[in-house]
Amino acid sequence: MTETSPKANAVDLVTKYADIIKGKTILVTGVSPGGLGAFFLETIIKANPGLLILAGRNRSKGEEEAKKLSEINPDVELRLLDLDLASYASVRKAAEVVNAGPNIDVLVNNAALMAGPYRKTEDGNENQFQSNHLSHFLFTNLIIEKVLAVNGRVVNVSSDGCRYGRVRYYDYNFHDGESYHQWIAYGQSKTAQILFSAELARRLGKRGLLSLSIHPGSIWTNLGQSIKDDHEASLEALHAMDRQLGNEVGWRDFRFDSPMEAIATHVYASFDPDVKEHNGAFLRYCKPCPPEDMHVWTLGELEARKCWDLSEKLVGQKFEY
Ligand SMILES: NC(=O)c1ccc[n+]([C@@H]2O[C@H](COP(=O)([O-])OP(=O)(O)OC[C@H]3O[C@@H](n4cnc5c(N)ncnc54)[C@H](OP(=O)(O)O)[C@@H]3O)[C@@H](O)[C@H]2O)c1
């Protein structure tokens, strides 16, 4: 996966899409200050969306971000939504609140955690798989009528980290930690988000839904918590893992993006009118990733259906579309 063309900048894209963003209702998960979700909101708020819904598990971080946003543009309505993705009960409660409110033009499933020691959620799932994928799967399906009502969009913020692992249909929970590997678990969750987006497009594209997944770009945020104590050594270990797996990124200098480059694909996927031609696609650097550059486990209808079926099983609810 080589990237040679100049990278788009979120500020330019927001200027370009200003008429489209104006008046829209946009719900973003994981909006803590200093993260990509927060940068995204701080950038698009300048184009006067109608309502921004900030979904997160930590109220005080949400309030801090809301304060910052209202300083940037006091005319935009802001709402906080309590959502802990490590708990289906919390997801269901949040969905009830959303379903009692206005329609959603754009849902950005941005929240995630990355790597770290093995942990199970209260629902019995490996934490990254549930927090990054399963709970977003449940939340999205529970509120989908609110998005469909306005021919809206669902954007799943995945990652090139999908290269670390496929969905482990037999061993999704790493046998209670016995077979756990923190990066393979991150990879599984990010692969699942790509497959979920594709399957959602296949099932609901005919009803006007646009469903995309993205790799945003790479910058230091709180996502690196688990490797912050020794990040040089951790990055070297990741590089070594990439080399062992035969991934191209293991064999080149890794370059970080600027924050406005990193969120450009959030903006592009959320508002570009022409991206509709690519329903279900995985986008990197504001364009669909060519299939030949994708990992085989993130591709294909069979894989997407299998992931959907497993997700339904693990959230305990079927969504027949
Ligand atoms: N940064 C990168 O280089 C990069 C690269 C590729 C992909 N991504 C993807 O981009 C997205 C945003 O990442 P980021 O870099 O902005 O990370 P971040 O700064 O750590 O933000 C992640 C957000 O997710 C929230 N979150 C984590 N667990 C949650 C839970 N159980 N319930 C609700 N919210 C939860 C965090 O809330 P708390 O503050 O409460 O923990 C935070 O608001 C992620 O999907 C990530 O995989 C990032």
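Where does Y285 lie? Y285 is found in the loop between β7 (282-284) and β8 (287-288); strands are DSSP runs of E with at least two residues, and helices are runs of H or I with at least four, both numbered from the N terminus.

This is a predicted model, in which local features need pLDDT of at least 70 and side-chain atom pairs count only at pLDDT 80 or more, while totals for chains, interfaces and linings use all residues. Residues are numbered from 1 along each chain as its sequence is written, and side-chain values use heavy atoms, with hydrogens and water left out.

**The loop between β7 and β8**

Most residues other than glycine have a negative phi. Y285, although not a glycine, has a positive phi of about 45°. C286 is also placed in the loop between β7 and β8, and its phi is positive too, near 65°. Y285 is buried, with a relative accessible area of 14%, and C286 is buried at 14%. Buried means under 20% relative accessible area, exposed over 50%, and partly exposed in between (1.4 Å probe, protein chains only).

**Aromatic rings**

The structure holds 11 aromatic pairs. Rings of Phe, Tyr and Trp (its six-membered ring) pair if their centres lie within 6.5 Å; planes under 30 degrees apart count as stacked, over 60 as edge-to-face and the rest as tilted. Two of these pairs are set out below.

| Pair | Centre to centre | Angle between planes | Class |
|---|---|---|---|
| F174 and Y180 | 5.5 Å | 85° | edge-to-face |
| F196 and W308 | 6.0 Å | 50° | tilted |

F196 lies in helix α7 (residues 182-204) and W308 in helix α11 (residues 301-315), so their pair ties together parts that are 112 residues apart in sequence. F196 is buried, with a relative accessible area of 2%, and W308 is likewise buried at 2%. Ring pairs link F196 and W308 with F137, F319 and Y321 into a cluster. In the other pair, F174 is buried at 0% relative accessibility and Y180 is buried at 18%.

A ring also takes part in a contact with a charge. The charged end of R243 sits over the ring of W251, 5.9 Å from its centre; this term requires NZ of Lys or CZ of Arg to be within 6 Å of the ring centre and within 35 degrees of the ring normal.
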